[in-house]
Amino acid sequence: MNHNHPIRRLGALALTGVAALTLVTACSGGDDEPAGNAAQAAAGGPEPKTVEGAKAAAQTVFDRFAGGDFAGAWDMYTTAGKQAISKDDYVKLNQACSRKGLAIQLTSARMEGTDKAIVIAKQLVAAQSYTMVYESNAWKLEPAKEGLALYKLGAAKAIAAQKKAGTCAGQ
């Protein structure tokens, strides 16, 4: 199962050579429910440890990324994701190479245990699966192994790797 991260995917497609389309969606509940969960989380309480909570958090990450708020998207990474790349390098990498402005829509989601959810997202015609992990009372996006490897290069080398692979949108 591919657990590519949307931000990494759109900004760091170089290592995987995968199409630059992605993201997440939900298969249960109405559209009103995720918005309510997001509002609850924004109010300072713990996010619901449900598929609806995971969907709402995933859509927030994808919206931030698609809107160019890379620092805000990085804030919603797992601890492992944040340890792989600094916020500044993450922002530099995505400002240089990501495809901003293309909406990412959730199409389905499912729980895998009590603290992990798999979400499927679509951008244009491509769909991708992502893993959301419940950490510190909140759902966080877990970058794929390929994304973590790219991030560990640092911004300059990651940008160069994406340009070499032809996956840097800012080329």
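A strand, in this report, is a DSSP run of E with at least two residues, and strands, like helices, are numbered from the N terminus. K140 is found in one such run, strand β4, which spans residues 138–142. The model discussed here is predicted.

## Overall layout

The protein chain has eight helices and four strands, and from the N terminus on its elements run α-α-α-α-α-α-β-β-β-β-α-α. Buried residues make up 49% of the 171 residues in the chain. The accessible surface of the protein chain comes to about 7400 Å², and 51% of that surface belongs to carbon and sulfur atoms. Among contacts between residues at least 6 apart in sequence, 65% join residues at least 24 apart.

## Core

The largest nonpolar core has 36 residues, and those with the most contacts inside it are F62, Y90, L93, V119, M132, W139 and Y151. Helix α3, residues 51–66, supplies the largest share of this core, namely eight residues. In soluble globular proteins, nonpolar side chains tend to be buried together.

K140 is buried yet has no salt bridge, and the nearest side chain of opposite charge, that of E135, is 6.4 Å away. Since a salt bridge requires a side-chain nitrogen of Lys or Arg within 4 Å of a carboxyl oxygen of Asp or Glu, the distance of 6.4 Å between K140 and E135 can be read against that cut-off. Leaving aside neighbours within four places in sequence, K140 is in contact with D75, M76, Y77, T78, T131, M132, V133 and E135.

In helix α6, residues 87–97, the buried residues are Y90, V91, L93, N94 and C97. Seen down the axis of α6, these buried residues fall within an arc of 165°, so they line one face of the helix. The face of α6 turned away from its buried side carries the exposed residues D88 and Q95.

Helix α8, residues 155–165, has A155, A158, I159 and Q162 as its buried residues.

The loop between α7 (145–151) and α8 holds K152, which counts as exposed because its relative accessibility is 64%. K152 and A84 are 68 residues apart in sequence, while their C-alpha atoms are 5.2 Å apart in space.

## Salt bridges

| Pair | N to O distance |
|---|---|
| K87 and D75 | 2.8 Å |
| R110 and E112 | 3.0 Å |
| E112 and K116 | 3.7 Å |

The salt bridge between K87 and D75 links distant parts of the chain, with K87 in helix α6 and D75 in helix α4 (residues 70–75), 12 residues apart. K87 is partly exposed, with a relative accessible area of 30%, and D75 counts as partly exposed at 29% relative accessibility. D75 is also one of the residues in contact with K140.

In the salt bridge between E112 and K116, the N to O distance is 3.7 Å. Salt bridges that share partners join R110, E112 and K116 into one network. R110 counts as partly exposed at 35% relative accessibility, E112 counts as partly exposed at 32%, and K116 is partly exposed with a relative accessible area of 28%.

## Positive phi in the loops

Most residues other than glycine have a negative phi, and most peptide bonds are trans. L124 has a positive phi, near 55°, although L124 is a residue other than glycine; L124 lies in the loop between β2 (116–123) and β3 (126–135), and it counts as exposed at 56% relative accessibility. S136, also a residue other than glycine, has a positive phi near 50°. S136 is found in the loop between β3 and β4, and it is exposed, with a relative accessible area of 73%.

Definitions and conventions: Residues are numbered from 1 along each chain as its sequence is written. This is a predicted model: local features need pLDDT of at least 70, side-chain atom pairs count only at pLDDT 80 or more; totals for chains, interfaces and linings use all residues. Side-chain values use heavy atoms; hydrogens and water are left out. A nonpolar core is a set of buried Ala, Val, Leu, Ile, Met, Phe, Trp, Tyr and Cys residues joined through side-chain atoms within 4.5 Å. Buried means under 20% relative accessible area, exposed over 50%, partly exposed in between (1.4 Å probe, protein chains only). Lys and Arg count as positive and Asp and Glu as negative; His and the chain ends are not counted. Contact means heavy atoms within 4.5 Å. The arc is that of the directions from the helix axis to the C-beta atoms. Accessible areas come from the Shrake-Rupley method with a 1.4 Å probe; for residues, only the protein chains shown count as cover.
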